[in-house]
Amino acid sequence: MISNKQWSLGAKLALLGTPFLLLVLLSTAATLWVSWQLDGGAAAVNEAGRMRMQTYRMSLSVGLGQTDTLLLKQIEEFDRSLSLLRAGDPERPLFVPWDDSVRAKFAALQSAWSNYRLRWLDGESATSADLLSETGEFVSDIDALVLAIESHMAHWTSLLYLLQMSVLAM
């Protein structure tokens, strides 16, 4: 016996509309997740920019012969910023979008920081030109990290636009 049950118009519309509704909900959730990633990456870029400012402050302190206490405080502040980038902060949100390029730039920055820190903590006398040159080189390592993070975020931004267009199309 074959059943010739007729589906009501409402049931047909529900059956047809449910997949689209699910796709819109999934796309919206993905959009929110990508937005969260962009927020965290933007905070990481801001923190790295702050590290440039901290570097110039330390350089100024060394150049002016400021007290060791002030310089140690500035070094501790820079170390906290580096740790914050490494570990992230989900409450803020702040997190570095780790990929191979960003990891390489971060490792180079850590190495450069160790060298820069040892150079000025050991109290070696140096000319202003040495200080200026080494500070510029160190800041360029920070800039390289910022550019790597921004490049990663550009991909997330493209994905966000794609998801928004898919929601609009549906």
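Visitor: Is Phe-20 buried, exposed or partly exposed?
Guide: In this predicted model, Phe-20 counts as partly exposed, because its relative accessibility is 48%, and the residue is found in helix H1, which covers residues 9–64.

Visitor: Changing topic: how far apart are the ends of helix H2?
Guide: The end C-alpha atoms of helix H2, residues 68–87, are 28 Å apart, which agrees with the 28 Å that its 20 residues should span at 1.5 Å a residue.

Visitor: Which residues of H2 are buried?
Guide: The buried residues of H2 are Leu-71, Gln-74, Ile-75, Glu-77, Phe-78, Ser-81, Leu-82 and Leu-85. Seen down the axis of H2, these buried residues fall within an arc of 155°, so they line one face of the helix.

Visitor: Why would residues three or four places apart point the same way?
Guide: An α-helix has 3.6 residues a turn, so residues three or four places apart point the same way.

Visitor: Then what is exposed on the other side of H2?
Guide: On that other side, Asp-68, Thr-69, Lys-73, Arg-80 and Ala-87 are exposed. H2 is then followed by Gly-88, whose phi is positive, near 80°.

Visitor: Back to Ser-81 for a second, what does Ser-81 touch?
Guide: Ser-81 counts as buried, at 1% relative accessibility, and, not counting residues up to four places away in sequence, Ser-81 touches Glu-47, Arg-50, Met-51 and Gln-54.

Visitor: Which residue forms a salt bridge with Glu-47 at 2.8 Å?
Guide: That is Arg-50, where 2.8 Å is the distance between the closest N and O atoms. Glu-47 and Arg-50 are three residues apart in helix H1, which means that about one helical turn separates them. Glu-47 is buried, with a relative accessible area of 3%, whereas Arg-50 is partly exposed, with a relative accessible area of 34%.

Visitor: Where does Arg-92 come in?
Guide: The side chains of Glu-47 and Arg-92 also meet in a salt bridge, at 3.5 Å from N to O. This pair links distant parts of the chain, with Glu-47 in helix H1 and Arg-92 in the loop between H2 and H3, 45 residues apart. A network of salt bridges links Glu-47, Arg-50, Glu-77 and Arg-92. Arg-92 is also joined to Pro-93 by a cis peptide bond, with omega about -20°.

Visitor: What ties H2 to H3?
Guide: The side chains of Arg-117 and Asp-79 meet in a salt bridge, 2.6 Å from N to O. Arg-117 lies in helix H3 and Asp-79 in helix H2, so the pair ties together parts that are 38 residues apart in sequence. Arg-117 counts as partly exposed, at 29% relative accessibility, and Asp-79 is partly exposed too, at 23%.

Visitor: What else is Asp-79 in contact with?
Guide: Leaving aside its neighbours within four places in sequence, Asp-79 is in contact with Trp-113 as well as Arg-117.

Visitor: How many salt bridges does the count come to?
Guide: The count comes to seven salt bridges.

Notes: Residues are numbered from 1 along each chain as its sequence is written. This is a predicted model: local features need pLDDT of at least 70, side-chain atom pairs count only at pLDDT 80 or more; totals for chains, interfaces and linings use all residues. Side-chain values use heavy atoms; hydrogens and water are left out. Helices (H or I, at least four residues) and strands (E, at least two) are DSSP runs, numbered from the N terminus. Buried means under 20% relative accessible area, exposed over 50%, partly exposed in between (1.4 Å probe, protein chains only). The expected span of a helix is 1.5 Å times one less than its number of residues. The arc is that of the directions from the helix axis to the C-beta atoms. Contact means heavy atoms within 4.5 Å. A salt bridge is a side-chain nitrogen of Lys or Arg within 4 Å of a carboxyl oxygen of Asp or Glu.
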